[in-house]
Amino acid sequence: MVRVELLKHDHQVFGYEVSGHAGYAESGQDIVCSAVSILAYTGINTLLDRYECSITYEIDEGYILLKLEQETLENCKEASVVLETIAVGFESILESYPEYITLKSREV
């Protein structure tokens, strides 16, 4: 199962942590893992390439972590929009495949 945790500060998403594998299908054929991975990578790439936001991220086998730096959270409205959009994408996957993904939020 893929576990997604949205990291929030004052109810505003400032990052996410994704871990695990969906188990929907064999590796390379798993559309749930692919969808989650694409969303997670899109968030990182968009914030780095389009908005040059200051972020911390970590990528490993079955694991992705993204966090906005505090100054970015306060000064980059685009970053908030990107992360809220990514969150909506995770919610959509959860609605379609609830047995393969969990989605939680954590206030930090």
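Which residue in β4 does Y16 stand opposite? I started there and found L66 in β4 opposite Y16. The model I am reading is predicted.

**Entry: the sheet**

I traced the strands next. Five of them form an open sheet, and the order across it is β3-β4-β2-β1-β5. The pairing is mixed. I noted β3 and β5 as the edge strands, each with pairing on one side only. From one strand to the next the twist averages 15°.

Is β2 largely enclosed or open? I looked up burial along the strand, residues 12-19, and six of its eight residues are buried, so β2 is largely enclosed by the rest of the structure. V13, which has its place in strand β2, is buried with a relative accessible area of 2%.

**Entry: β1 against β5**

I then turned to the other side of β1. β1 and β5 pair in the parallel sense, over seven bridges. I looked up two positions. V2 has I101 as its bridge partner in β5.

**Entry: the β1-β2 turn**

β1 and β2 form a hairpin with two residues between them. D10 lies in the loop between β1 and β2, and its phi is near 55°, a positive value in a residue other than glycine. H11 is found in the loop between β1 and β2 as well. H11 has a positive phi of about 65° although it is not a glycine.

Are D10 and H11 buried or exposed? D10 is exposed, with a relative accessible area of 60%. H11 is exposed too, at 67%. The cut-off I applied for exposed is over 50% relative accessible area.

**Entry: salt bridges**

How many salt bridges does the count come to? I found one. The side chains of E5 and R106 meet in it, at 3.3 Å from N to O. E5 lies in strand β1 (residues 2-9) and R106 in strand β5 (residues 101-107), so the pair ties together parts that are 101 residues apart in sequence. As background, side chains of opposite charge can pair when their charged atoms come close.

I looked up the exposure of both partners. E5 counts as partly exposed at 22% relative accessibility. R106 counts as partly exposed at 37%.

**Entry: cysteines**

How many disulfides does a search of the whole structure find? It finds zero. C33 is buried, with a relative accessible area of 15%. C53 is buried as well, at 8%.

**Entry: a nonpolar patch**

Last, I looked at the surface. Which residues form a nonpolar patch there? Y41, Y57 and I59 do, and together they have about 280 Å² of accessible area. I followed up on Y57. Y57 has its place in strand β3 (residues 55-60), and β3 is one of the edge strands. Y57 is partly exposed, with a relative accessible area of 41%.

Methods:
Residues numbered from 1 in each chain as written. Predicted model: local features only at pLDDT ≥ 70, side-chain atom pairs only at ≥ 80, totals over all residues. Heavy atoms only, no water. Patch = residues over 30% accessible without salt bridge, like charges linked within 9 Å, V, L, I, M, F, W, Y side chains within 5 Å. Areas by Shrake-Rupley, 256 points an atom, 1.4 Å probe, with all protein chains shown as cover. Salt bridge = Lys/Arg side-chain N within 4 Å of Asp/Glu carboxyl O. Helix = DSSP H or I, 4+ residues; strand = E, 2+ residues; numbered from the N terminus. Buried < 20%, exposed > 50% of the residue type's maximum accessible area, 1.4 Å probe, protein only. Disulfide = S-S within 2.5 Å. Pairing = 2+ DSSP bridges. Axes fitted to C-alpha atoms, helices over the stretch in contact; angles between N-to-C directions.
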